[in-house]
Amino acid sequence: MQNIINNLPKQAKDKHNENKKFFVKLKKRPPKNLDYIMEDLHEQEFEKTDCLECANCCKTTGPLFTDKDVDRVAKHFRMKTQQFIAQYLRIDEDNDYVLQSVPCTFLGADNYCSIYDVRPKACREFPHTDRKKFQQISNLTLKNVAICPAAFNIVETMKKLIK
Ligand code: SF4
Ligand code: SF4
């Protein structure tokens with residue numbers, strides 16, 4: 001898995017123009033059943049991909065924390081919201097709460113998330129490949145294929161499947 005992760009930025013760069021063209025076309029004329037196609041592709045890919053062997057998202061890009069995420073995780077630690085924010089978060093250029101540092105503080109050496117049950121919504125949904133109206137997040141996906149081997153594979157399969 002580590003080899004795949006190491007090669008991913010270059011592979012994603014090589015495919016970038018092709019992917020960009022594909023998503024422009026997809027946005028203009030998405031198949032009627034795109035939501036179902038994505039659900040299937042997502043499910044099939046994550047039957048093969050074990051996130052515990054990877055954790056590249058947690059190691060390289062922290063999630064943003066919504067207010068609800070902040071409250072829930074702070075409560076989990078029995079901390080006051082402000083205390084939790086001061087200890088773990090900062091505000092980024094888009095005015096969102098994000099982690100002060102990556103790899104994520106809550107990631108264990110065994111790739112387990114120590115706050116899995118209360119983890120941020122963005123972590124639960126990453127890499128968003130089963131999202132409804134997937135064509136609307138093409139810019140995000142173009143970035144995610146360089147981070148997430150599963151997202152990379154899903155986009156490669158999409159290109160073969162949707163002409
Ligand atoms: S979601 Fe993607 S990047 Fe994150 S651990 Fe799973 S395969 Fe790796
Ligand atoms: S909170 Fe958990 S799932 Fe989210 S980035 Fe950190 S370790 Fe990964």
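Select the shell around ligand 2 to start: its residues divide into nine nonpolar, one polar and one charged. Here Ala, Val, Leu, Ile, Met, Phe, Trp, Tyr, Cys and Pro count as nonpolar, Asp, Glu, Lys and Arg as charged, and the others, Gly among them, as polar. The model is predicted: local features need pLDDT of at least 70, side-chain atom pairs count only at pLDDT 80 or more, and totals for chains, interfaces and linings use all residues. Residues are numbered from 1 along each chain as its sequence is written, while chains are lettered from A and ligands numbered from 1 in the order in which they are written.

To display the ligand 2 shell, pick Cys58, Gly62, Pro63, Cys104, Phe106, Leu107, Cys113, Ile115, Arg119, Pro120 and Cys123. A residue is listed if its C-beta atom, placed from the backbone, lies within 6 Å of the molecule.

Go next to ligand 1, where the surrounding residues include Cys51, Cys54, Cys57 and Cys148, along with Phe126 and Pro127. Two elements, α3 (56-60) and α8 (149-161), each give two or more residues to this shell. Helices are DSSP runs (H or I, at least four residues), numbered from the N terminus. The ligand 1 shell has ten nonpolar residues, two polar and no charged.

Now colour by domain, using bounds from an automatic or database assignment: domain 1 is 2-54 + 129-161 and domain 2 is 64-125. Their C-alpha centres lie 26 Å apart.

Finish at Arg72, in helix α4 (residues 67-76).
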